[in-house]
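Please keep the structure in view while reading.

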Amino acid sequence: MQTYDFTIETLGPCKVHSPIELSTKHGNLRATYVTDNSYVRNEINVFEDSEKTDGLNLTNLMQKAGPREYIYFNPAHVTAGICTCGGLCPGLNDVIRAIVRCLYYRYGVKKIRGFRFGFKGFFPESGFGTIDLNPSVVDDIHKIGGSFLGTSRGGGNRVNDIVDSVESLSINMLFIIGGDGTQRGALDIANEIEKRGLKVAVVGIPKTVDNDLLFIDRSFGFETAVERACEAVRAIHMEASSQINGIGLVKLMGRESGFIATGTALGSHETNFCLIPEIPFELDGPNGFMHHLEKRILDRHHAVVIVAEGAGQDLLATSGETDASGNKKLADVGIFLRDKINEYFKSRNIHINLKYVDPSYQIRSSETTSNDSIYCERLGSYAVHAAMAGKTKMVVGLVNNKYVHIPIKMVTMERNFVDPESALWRDALDATRQPIIMVNNLNSISDKVKSGEGDLD
């Protein structure tokens, strides 16, 4: 491995304390300083050849994705299946197109079936049937949003019925595009396939617009979602700044993870408050959200607020019900905040002009940005290379800017969340200039703050 000298020259010792108030320890919801002893690997590839693996713990290393010299399946005997499950996400059609074209052109696979409307397309009583896919069918689908194959929630628990369909159609590689719930279903399907002694590769392409899958740098569609959300924020900022005491309120996706809201706050440069599920907040009191919003209005006469759909759920009454995918049905925090803001300023006899938008479904169904489309193209191709090599029970993803294979059981262990003490959230706080925490009694968030370390002014 070639070596380099990345030593950074310095003018001398640093002795002046920074005016940026951060933390030297964890547990106080304040981002930490970066030390000169923090490094990033230049060479991500730990090894290239098997003879160089001596002494390495291979369980901690992710297998690099890409075409193998020797593959498991004879392409002439392959029948591939593709399905998209769960909610819409930018890039679904791009991934479908990439899989079909790589199978057809790179490997010569001519039998490719598209299952319609998610897992429900596997059930004969649904009456949907499959679509024969080839490049001429899919060549232009990347130019539109949505899913060419259609999608639905639920059905993944009918594992035996799905595998019956796979077996009856002689499918020997199945590409499943969906989020963490879908991928858990894919693992159950792969386990049942293995139990029956069938030779079928099950490869997932992880889809979650919330960017909440573990280990993966970013999920496809996330960049497009942030771009479209920034467009909504720019429009609402223009509305707010053109009105007397204008307030723009934008609700964005993010059931449990606030990555889209955080990315939009950073990308728009026009957001004053970003409310996400990971950071608790209160409405009233001297350190509540309403007090700080009022202060902003009195000082600057306009404000833009972004709220992720899963934020502030502790303030709302929820039904406790779940959707077909098993996700908890959330109360509508956007409508809740809209009404509470109007009530608050009316009680204070302060005139405001509030505009509320929820662009979620417009964002989900959008066609991708160019960079996201590139990502989808590569994910689809890497998924095909993995399946042709007989890999199964895995997903493809980008880790440290390298495409790798990750076991499904690993990426679905838990969700990825915005770390309140991370550089990402620190930068979001810098962009919005909102308070670090909008809670009156720090004991109410004691489970997130270590004892004796809660200097959250």
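Contact here means heavy atoms within 4.5 Å. Helices (H or I, at least four residues) and strands (E, at least two) are DSSP runs, numbered from the N terminus. The model is predicted: local features need pLDDT of at least 70, side-chain atom pairs count only at pLDDT 80 or more, and totals for chains, interfaces and linings use all residues. Residues are numbered from 1 along each chain as its sequence is written, and side-chain values use heavy atoms, with hydrogens and water left out.

The protein chain holds 12 helices and 12 strands. Among its contacts with a separation of 6 or more, 76% join residues 24 or more positions apart.

Axes are lines fitted to C-alpha atoms, for helices over the stretch in contact, and angles run from 0 to 180 degrees between N-to-C directions. The α7 side contributes Phe289, Met290, His291, Leu293, Glu294 and Ile297, which meet Leu337, Lys340, Ile341, Tyr344 and Phe345 of α8. By class, this contact has 8 nonpolar, 1 polar and 2 charged residues. Ala, Val, Leu, Ile, Met, Phe, Trp, Tyr, Cys and Pro count as nonpolar, Asp, Glu, Lys and Arg as charged, and the others, Gly among them, as polar.

A further pair is formed by α6 (residues 259-268) and α12 (residues 423-432), whose axes lie 9 Å apart at an angle of about 45 degrees. The helix α6 is therefore oblique to α12, a word for angles that are not under 35 degrees (roughly parallel), over 145 (roughly antiparallel) or 65 to 115 (roughly perpendicular). In this pair, Phe259, Thr262, Ala265 and Leu266 of α6 meet Leu424, Trp425, Asp427, Ala428, Ala431 and Thr432 of α12.

Thr262 of α6 is buried, with a relative accessible area of 0%; buried means under 20%, exposed over 50% and partly exposed in between (1.4 Å probe, protein chains only). Not counting residues up to four places away in sequence, Thr262 touches Cys274, Ile276, Val418, Leu424, Trp425 and Ala428.

Of the 457 residues in the protein chain, 51% are buried. A nonpolar core is a set of buried Ala, Val, Leu, Ile, Met, Phe, Trp, Tyr and Cys residues joined through side-chain atoms within 4.5 Å. The largest has 98 residues, of which Ile82, Leu103, Met173, Phe175, Ile205 and Phe220 touch the most other members. Helix α10 (residues 370-388) supplies its largest share, 9 residues. A second, separate core of 27 residues includes Phe281, Leu293, Phe345 and Met438.
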